[in-house]
Amino acid sequence: MIYDLSQNSSFTDGVQTSWDSTSIKLIMTCPRKYFYKMMQNWTPREVSPHLLFGGWYATALEHYYKYVTEGKTSDEALEAVVKETLISTWTYRTEPSVEGDINYPHGVNIIKDKDGNRQGYPWVSSDGNKTRENLIRTIIWYVEEFKDDENTPVVILSDGKPAVEYSFRIELAPDIIYCGHLDRLVDYGGDNYIMDQKTTKSTISDYYFKQFNPDQQMSGYTFAGQIIFGIPVKGVIIDAAQIAIGFSRFTRSFTSRTNAQLEEWRLNTIHYLQFAQSCAEKGQDEKNFPMNLESCSNYGGCEYRDVCSKNPGIREQFLKGKFNQDTNMWDPLKQR
Ligand code: SF4
């Protein structure tokens, strides 16, 4: 089956030319997984609660720092992002509408009760720790923990602007653009670091932080920071939140890269991306994207394991039955 990639601006003639850390991770993990997810847009009917939780959490903290930079007080910014997150984690019940509703103009009406109150329901997580309540708690507790942090002031660039909220596009090689978004560049003890946040159910220890070196996303952030800000960037500060049923606990750690490591990352990344492009140039067929069978059981198991375990001839039918393939594709070039 050929999926229409013409609406995805990161593809040119069926070949991906603009890459973010999500799509780079896919091709490095398994070319077949890259094919199913990035090129054919097969997404599981039930989205992982860890992905949803992590996405809402990252957005809330990104917006918090943005609002503070724009002049809101910490309390005002926190109130705004909690409200946004409550709305994001709420689903309104809808019904088809011919005329539409000015509040929801997509050919559907939000169902209301007899008093005119809109009907809906909160996100119910299938994970006991990554719940809506714990999400809100973790956002509030994060801000409480770090709002008075004087150790990591935002770097002020030579043009006088704070180094926050940067979407970037960097040419790694002809026909290969590395793109993404950096929330903040901070000064820690005289060295510049990109800030990032992670969530986990695990106890946070030195072992937990070992996973970030080597790590393509952290190397990529450091590489991008050096290029777009035009100053030395030592690495990434990771604020990790452990999400437990009764508490959220935060631990900060650092991961650093040398210039030689960053050049190694650049060449290694180009190597993988050119390989992905050579696979795509052969045509949109799963046979052109080899399976990395050593990745199938990592991190709790690949979401396509039930597909790849089937006979090749019936995989497409299985995908159609168990996965969605809507038109809303992941596009690395879409600005936030
Ligand atoms: S199940 Fe294994 S081979 Fe199939 S997409 Fe996932 S990692 Fe690749």
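Colleague: Is Arg266 buried, partly exposed or exposed?

Modeller: Good place to start, and keep in mind that this is a predicted model. Buried means under 20% relative accessible area, and exposed means over 50%. Arg266 has a relative accessible area of 21%, so Arg266 is partly exposed.

Colleague: Which residue does the side chain of Arg266 meet in a salt bridge?

Modeller: Its partner is Glu263, at 3.0 Å from N to O. Both residues sit in helix α8 (residues 259-281), 3 residues apart, which is about one turn of the helix. Glu263 is partly exposed too, with a relative accessible area of 36%.

Colleague: How many salt bridges does a search of the whole structure find?

Modeller: The search finds 13. Among them is the pair Asp196 and Lys198, at 3.4 Å from N to O. Asp196 has a relative accessible area of 10%, so Asp196 counts as buried. Another pair is Lys287 with Asp285, where the closest N and O atoms are 3.4 Å apart. Here Lys287 is exposed at 68%, while Asp285 is partly exposed at 30%. There is also a network, in which salt bridges that share partners join Arg32, Glu286 and Arg315.

Colleague: Let's turn to empty space. How do I read a cavity?

Modeller: Rolling a probe the size of a water molecule over the atoms shows where empty space is left. In this structure the search finds 2 cavities of 30 Å³ or more.

Colleague: Which elements give two or more residues to the lining of the largest cavity?

Modeller: Those are α2 (31-39) and α9 (305-308). By class, the lining has 6 nonpolar, 3 polar and 3 charged residues. Arg32, Cys296, Tyr304 and Cys308 are among the lining residues.

Colleague: And which element gives the most to the lining of the second largest cavity?

Modeller: That is α3, with 3 residues. The lining divides into 3 nonpolar, 1 polar and 4 charged residues, and includes Glu62, Tyr65, Asp183 and Arg184.

Technical notes
Residues numbered from 1 in each chain as written. Predicted model: local features only at pLDDT ≥ 70, side-chain atom pairs only at ≥ 80, totals over all residues. Heavy atoms only, no water. 1 Å grid on protein atoms, 1.4 Å probe; cavity = no way out; pocket = protein on both sides within 12 Å on 5 of 7 lines; lining within 4 Å. Points joined across faces, edges and corners; volume = space filled by probe spheres on them. Helix = DSSP H or I, 4+ residues; strand = E, 2+ residues; numbered from the N terminus. Nonpolar A, V, L, I, M, F, W, Y, C, P; charged D, E, K, R; others polar. Salt bridge = Lys/Arg side-chain N within 4 Å of Asp/Glu carboxyl O. Buried < 20%, exposed > 50% of the residue type's maximum accessible area, 1.4 Å probe, protein only.
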